[in-house]
Amino acid sequence: MPYSQIKKWREDKWEEHQYSSHALNDFHDELMKNVFDAALQKHVAECGPVPCRYAWFVMGSAGRFEQAIISDQDHGLVYEEENNETNQYFITFGKELAKGLNEVGYPYCDGNVMSSNPIWSKSLKEWEVQLKKWLTEESFESIRFLLIFYDARVLIGDDVFCKKLKHLIHDYIKKNPRFLERLLENTQHVKKAVGIFHQFLTESHGSHAGSIDLKQSGFFPYVNNVRLLAMKENLESTSTLSRLKDLYSMSNYKEDLCWCSGEFEKLLQYRLQFHRKTTENYDDIHYLNIKELNKDERKDMKHILLNGQKLQNYTQSVIKGTIET
């Protein structure tokens, strides 16, 4: 199926999948798989058959099954063989894949987290070397890349490769539990949207004046802190809700965080409720104008945002060892 045909199908079918975040993300998965198939068919015709086993994985909100209506690209490749010809085959394919996704409606990633970038397209052995470097180097960029990779979810191919790579991370954390505090440092700088007098702290200038940054102030406290707890407990699940479900199987988390899933589900629903237009751009989708909320919704939103801060404080206590789990 040509990219133009996939794009038209996307535009024709959006409204049928906007009744829930789960339905929307199922549709995203289907779209991205169709783009992958079209890109692969084109690449095989030009460069020959796929040389070895591989996996294509998505990261970011796609990896966590939490995409909004508009979402940019975050994806990578891992493959079995290690040689120059195979590397060139997959990096060329990655460029075609990124091009196809962009044409269908997934903008290029500003941070270049795409299969077209050699950092995110490697053989299994090269990935192992790179992850070990990220783990031991502990620079801000290395930690950021590591946290991005941890949300990887295989969409096409053998998931055994990503499982092996994540086990490498888990093993390192088991041997170096203080490393979690280094991860914590990278995720604790959050843009607050509720002040000390429980007033909304909205954007004061620009096109989003009067709005709160739902990505930075709403989603990040939940996503980042639940991810850290998942890393501490060696969980393989990737979505925030599935991670919370796995955490709830441990008695202390179930008692301490019983409220968390409900708050995050409401956050997903608010974003879906107020951003239903595919004509919006990628930046707009992350902002929520407070004037669009009624009195009860404002109260509810403040509660969700404040509980995000509560989760952040709780996670900090767990990682630093002041709360036993």
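Author: Two strands pair if DSSP finds at least two bridges between them. Keep that rule in mind. The model here is predicted.

Reader: Which residue of S2 does Ala 55 stand opposite?

Author: Ala 55 stands opposite Val 78 in S2. A neighbouring position gives another such link: the bridge partner of Trp 56 in S2 is Leu 77. Strand S1 covers residues 54–58, and strand S2 covers residues 75–79. Their pairing is antiparallel and runs over five bridges.

Reader: What is the bridge partner of Ala 55 in S4?

Author: That partner is Gly 157. S1 and S4 are also paired in the antiparallel sense, over four bridges.

Reader: How do I read the order of the strands in the sheet?

Author: Read the order across the sheet: S3-S2-S1-S4. The sheet is open, has four strands and shows mixed pairing. Strand S3 (121–123) and strand S4 (153–157) are the edge strands, and each pairs on one side only. From one strand to the next, the twist averages 25°.

Reader: How do side chains sit along a strand?

Author: In a regular strand, they alternate between the two faces of the sheet. Now take S1. Tyr 54, Trp 56 and Val 58 point one way, while Ala 55 and Phe 57 point the other way. All of these residues are buried.

Reader: Is S1 enclosed or open to the outside, and why?

Author: Five of the five residues of S1 are buried, so S1 is largely enclosed by the rest of the structure.

Reader: Which helices touch the sheet?

Author: Helix H4 (residues 84–104) lies across S1, S2 and S3. H4 runs at about 155° to S2. Helix H5 (residues 124–137) packs on the sheet too, and touches S1, S2 and S3. The direction of H5 makes about 110° with that of S3.

Reader: How do I read the angle between two helices?

Author: The angle is taken between N-to-C directions. Angles over 145 degrees count as roughly antiparallel, and 65 to 115 as roughly perpendicular. Start with helix H8 (residues 179–187) and helix H9 (residues 214–232): they pack at about 170°, with axes 10 Å apart. H8 and H9 are therefore roughly antiparallel to each other.

Reader: Which residues of H8 and H9 meet?

Author: From H8 come Leu 180, Leu 183, Leu 184 and Thr 187. They meet Asn 224, Leu 228, Met 231 and Lys 232 in H9. By class, this contact of H8 with H9 has five nonpolar, two polar and one charged residues.

Reader: At what angle do H6 and H8 pack?

Author: Helix H6 (residues 140–150) and H8 pack at about 95°, with their axes 10 Å apart. H6 and H8 are therefore roughly perpendicular to each other. H6 contributes Phe 140, Ile 143, Arg 144, Leu 146 and Leu 147. H8 contributes Phe 179, Arg 182, Leu 183, Asn 186 and Thr 187. The residues of the contact of H6 with H8 divide into six nonpolar, two polar and two charged.

Reader: Which residues have a positive phi although they are not glycines?

Author: Phe 65 has a positive phi of about 60°. So does Asn 112, again at about 60°. Phe 65 is in the loop between helix H3 (60–63) and S2. Asn 112 is in the loop between H4 and S3.

Reader: What does Leu 168 contact?

Author: Leu 168 lies in helix H7 (residues 160–175). Its relative accessibility is 17%, so Leu 168 counts as buried. Leaving aside neighbours within four places in sequence, Leu 168 is in contact with Glu 128, Leu 131, Lys 132 and Leu 135.

Reader: How do I judge the whole chain?

Author: Compare its radius of gyration with that of a compact globule. With 325 residues, such a globule would be near 20 Å; the chain has 20 Å, which agrees. The C-alpha atoms fill a box of roughly 65 × 50 × 35 Å along the principal axes. The chain has 13 helices and six strands. Of its 325 residues, 54% count as buried.

Reader: What share of the contacts comes from residues 24 or more positions apart?

Author: They account for 73% of the contacts in the chain with a separation of 6 or more.

How values were computed. Residues numbered from 1 in each chain as written. Predicted model: local features only at pLDDT ≥ 70, side-chain atom pairs only at ≥ 80, totals over all residues. Heavy atoms only, no water. Helix = DSSP H or I, 4+ residues; strand = E, 2+ residues; numbered from the N terminus. Axes fitted to C-alpha atoms, helices over the stretch in contact; angles between N-to-C directions. Contact = heavy atoms within 4.5 Å. Parallel < 35°, antiparallel > 145°, perpendicular 65-115°, else oblique. Nonpolar A, V, L, I, M, F, W, Y, C, P; charged D, E, K, R; others polar. Rg over C-alpha atoms; globule rule 2.2 N^0.38 Å. Buried < 20%, exposed > 50% of the residue type's maximum accessible area, 1.4 Å probe, protein only.
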